[in-house]
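Here is a friendly tour of one model, taking in a hairpin, the pockets and the salt bridges. Have the structure open as you read.

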Amino acid sequence: MKSLLLSLGAGLAAGLPSKQHNAPRAEELPSLGLANITKINMANAGGLQGRRLAGPFMGVDFPDPSIIWGDGSWKAYATSSNGKKIPVATSSDTWSWTLTGNDALPDPGSWVDPNDQGIWAPDVQKNDAGVYVMYYTAKQNGGTHCIGAATSNTAVGPFTPQSQPLICDAAGGGVIDASGYDDGTNRWILWKVDGNSLGGATTCQGGTPSGSYKSTPIKIQRVARDALTLQDSAKTILDNEGASNDGVVEAPSLYKIGDGNYVLFYSAHCYSSDDYDVEYAFSSTIDGSYTNRGILIRTVDNRGVYGPGGLDIDPNGKSVVFHGRLNPNQGGAARELYSAELTINGQSITM
């Protein structure tokens, strides 16, 4: 078995240095790692041998993946690709996947710009009534990107969109990359305010970099148990750090670890750059400020994955999926699906 381990610590760690920007916490934080990093060959569900990283490389684009266990198997969803607005893949174990012919969201809703039907970064959860709820990003007709919600009685859909978007923020540059989280008592939705779309110093924009970096906050808000009704008000829990991450943080995914702290996974830098990575930060409260940032996986780790990002974690805290490119300096190339085992040293994670 070809097993690749990246070990990250609150201080020094073997193999990959932790990026610390804040004073050390009084308590020792757990270390995080990825093992058995595996590129998924969608064209042949049985083609993987011993969870190997190497091919065959079929060039299947599956960006911004998310996963859920539903209707007897794992389901993975991705940004518009493979001729579908939301393609769906299935797996029995998160290691070998089959790309289905389903489009989970063939109709993204009447509020979506008819001339821009590209749907980004879907995330699916199951509410208390047993209904699957999908969050997704789409461009509002005559406006910026907003977060929509859609429902289905089956995990593969088709999902039925709500008549209006769930969250918009035109003044902030739009909103993207929604994800849901259930802490056992409350449900939450997280998202990124797409400030870099307004320009500024970042290279991740449509114009020429100039001036200062724009805020791209990760926000969180409580939702009702139906996963559709917003409650209370949104709070900012993380923002970019300017030049050190090219003024971009995005793609949040949340998990509560064994010591009661919360870990926020997110990507930083521009998605089309080889600097794109997966990072993490900690908080003692779910809607508090996330600090003690570290890097989980990046191109320079020499793992054969370029621009890894868009990580999603299963509710058990064991398996993660993310995307990456096969070669350097190819920002427009396919972002293929990878899976890995998440390890949180010193903590007990059970299935």
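In this predicted model, strands β3 and β4 (residues 73-77) pair in the antiparallel sense over five bridges. One of the contacts between them joins Gly70 to its bridge partner in β4, Ser73. Two residues lie between the strands of this hairpin, and Asp71 takes a positive phi near 55 degrees there. As for burial, β3 is mostly covered, with four of its five residues buried.

The largest pocket has a volume of about 580 Å³. Its lining is made of 33 residues, and those nearest the centre are Asp64, Trp120, Ile176, Asp177 and Glu250.

By class, the lining of the second largest pocket counts 10 nonpolar, four polar and seven charged residues.

**Salt bridges**

The structure holds 11 salt bridges.

| Pair | N to O distance |
|---|---|
| Arg225 and Asp182 | 2.9 Å |
| Glu241 and Arg293 | 3.7 Å |
| Arg325 and Asp274 | 3.0 Å |

Take Arg225 and Asp182, whose closest N and O atoms are 2.9 Å apart. This pair links distant parts of the chain, 43 residues apart: Arg225 sits in the loop between β13 (218-223) and β14 (235-238), while Asp182 belongs to strand β11. Are these two partners buried or partly exposed? Arg225 has a relative accessible area of 27%, so it counts as partly exposed. Asp182 is also partly exposed, because its relative accessibility is 30%.

The side chains of Glu241 and Arg293 meet in a salt bridge at 3.7 Å, N to O. Here too, distant parts of the chain are linked: Glu241 is in the loop between β14 and β15, and Arg293 is in strand β18 (residues 291-297), 52 residues apart. Glu241 is partly exposed, with a relative accessible area of 28%, whereas Arg293 is buried at 8%.

In the pair of Arg325 and Asp274, the N to O distance is 3.0 Å. Arg325 lies in strand β20 (residues 319-325) and Asp274 in the loop between β16 (262-268) and β17 (277-283), which puts the partners 51 residues apart in the chain. Arg325 has a relative accessible area of 0%, so it is buried. Asp274 has 17%, and it counts as buried because the cut-off is under 20%.

Finally, which residues do salt bridges with shared partners join into one network? They are Asp128, Asp182, Arg187 and Arg225. Two of these, Arg225 and Asp182, form the salt bridge at 2.9 Å described above.

How values were computed. Residues are numbered from 1 along each chain as its sequence is written. This is a predicted model: local features need pLDDT of at least 70, side-chain atom pairs count only at pLDDT 80 or more; totals for chains, interfaces and linings use all residues. Side-chain values use heavy atoms; hydrogens and water are left out. On a 1 Å grid over the protein atoms alone, a cavity is a set of points where a 1.4 Å probe fits but cannot get out, and a pocket is an open set with protein on both sides within 12 Å along at least five of seven lines; lining residues have an atom within 4 Å of a point. Grid points are joined across faces, edges and corners, and a volume is the space filled by probe spheres set on the points. Ala, Val, Leu, Ile, Met, Phe, Trp, Tyr, Cys and Pro count as nonpolar, Asp, Glu, Lys and Arg as charged, and the others, Gly among them, as polar. A salt bridge is a side-chain nitrogen of Lys or Arg within 4 Å of a carboxyl oxygen of Asp or Glu. Buried means under 20% relative accessible area, exposed over 50%, partly exposed in between (1.4 Å probe, protein chains only). Two strands pair if DSSP finds at least two bridges between them.
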